[in-house]
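Me: Please take a close look at one part of this model and then set it in its surroundings. I would like one connected answer, with the cut-offs given for each term.

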Amino acid sequence: MSVLAGLVTLSLLPSAAHAAGPNLHAPGQQVERIGAVASGGVRFQRYQQEIDGVPVIGSQATVTDAPGSRGDLLIDRTRSRLPSDRPSAAIAGSRAIELARDALGVRSLRGPEAARLALLPESGGVRLVWRVTIPSRDPLASFEALIDARSGELVRSRNLLQHFTGSANVFDPNPVVTQGSTSGLSDSNDADSVALTNLRQTKTLERLDASTCLSGQWVQALRGPGDTPVCRASRDWTDVTRHDPQFEALMAYFHLDREQSYIQLLGFTNVMNRQIVVHTDATTSDNSFFDALARDITTGTGGVDDAEDAEVIEHEYGHAIQDDQVPGFGFPDEDSGAIGEGFGDYISSAMSATFTPNPTFDPCFAEWDTLGSGDTAPVPCLRRVDGTQTVSQGHAACGTEVHCMGEVWSGALWAIRNAIGGATADRLVIQSHFSLTQDPTFNDASR
């Protein structure tokens, strides 16, 4: 009944439908027939509500006109009681395109942009907007943006590219946090175990492209030294367990895609809004890194495979974020290196606190990776983000080692996060990077 409630059957002869048009919610002077097609002996007609020749978004009707006088169908999404006159535009279409490109972070195109006037129904009337379409190459997207034709405000936007989803069972963020302890957990040379298999969680892999591989809008994940693609026609990898080299690629895809999605949710369409390539299990060393020249991420297999711990993956993406905002960030000043490492630890801890909150483990970085390296502490932390050291105290304890000094910076950021709230602090911290040079000091970054 709920489906049928929105449908009205008509008894219209084809000639009557052609001559007078259907009886719609919208007044007749606001309705234009915009298309007709025949299929299987049935004629389908489409109508658009317009005011002064400008289409009203989401206000169409279709008539299914079958032979004879019975079985015809009207689906009417037009609106009554809209104004008879439309507002006037205060900005040009070319200016609307510029505003949309800036708001969406479009850096290059793969086709011509366009802007057309439209009316967006709102409570009590309509808003005149420019409907801007942008076939973007970088980032890869087909954007539709509605720009208020009077104020220039971005009203809403969406990506018209069709994306696919997949599924996988992965750690989130890692087995230690999920279990809440290290009890019974061991790397055992990358072997499967009942405990580790059961600690995987089913996740949807969003924004995949049409390739059937781990390649999507924001991430491409490859495995092994040979950069082997990870592909399945079904896009269902739920049977993959940690001993399989595909597992690390699945981890990287899911967690980096979610990290960029969170950045977008914070309001940033101009921070790493591009596809990054991740080379998982590509080195045998116990090390992972972001390469500022290639602008990609590589993870190692020493100890626990690094990409089995989401916080390691997210830390490296932190470097990519800063390099995207300030190309060449972190060179040559030692403070900037520590700021980079501290932010990487901070953003990975912020991701855990946002999606898998646990006060015991949130300020602790890379528990599973650290356990696999031989740390048997009840809460094994490669580093912590809740320290209280000053810069001078940090230098006394660390010298100039950037990872150690990074705890000074992450501690300051974490204190801010606890004081003003997670999303607010995360937005503030990321926004602040735009103010920095390649080699900021602690004083610069604090200001």
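Reply: Leu 208 belongs to strand 12, which covers residues 201–208; strands here are DSSP runs of E with at least two residues and helices are runs of H or I with at least four, both numbered from the N terminus. With a relative accessible area of 0%, Leu 208 is buried, a word that stands for under 20% relative accessible area, whereas exposed means over 50% and partly exposed lies in between, using a 1.4 Å probe and protein chains only. This is a predicted model, in which local features need pLDDT of at least 70 and side-chain atom pairs count only at pLDDT 80 or more, while totals for chains, interfaces and linings use all residues. Residues are numbered from 1 along each chain as its sequence is written, and side-chain values use heavy atoms, with hydrogens and water left out.

Leaving aside neighbours within four places in sequence, Leu 208 is in contact with a set of residues including His 163, Phe 164, Cys 213, Leu 214, Arg 235, Trp 237 and Tyr 253, where contact means heavy atoms within 4.5 Å. The C-alpha atom of Leu 208 is separated by 9.8 Å from that of Asp 257, although these two residues are 49 apart along the chain.

Another buried strand residue is His 279, which has a relative accessible area of 11% and lies in strand 16, residues 276–283. The side chains of His 279 and Asp 296 are joined by a polar contact of 2.8 Å, that is, a pair of N or O atoms within 3.5 Å of which, within protein, one must be able to donate a hydrogen and the other to accept it, residues adjacent in sequence counting only if both atoms are side-chain atoms. Beyond the neighbours within four places in sequence, the contacts of His 279 include Leu 222, Asp 227 and Thr 298.

Turning to the helices, helix 5 and helix 7 pack at an angle of about 85° with their axes 11 Å apart, the axes being lines fitted to C-alpha atoms over the stretch in contact and the angles running from 0 to 180 degrees between N-to-C directions. The two helices, helix 5 and helix 7, are therefore roughly perpendicular to each other, a class that takes in angles of 65 to 115 degrees, with under 35 counted as roughly parallel, over 145 as roughly antiparallel and the rest as oblique. Arg 258, Glu 259 and Tyr 262 of helix 5 make this contact with Ile 347, Met 351, Thr 354 and Phe 355 of helix 7.
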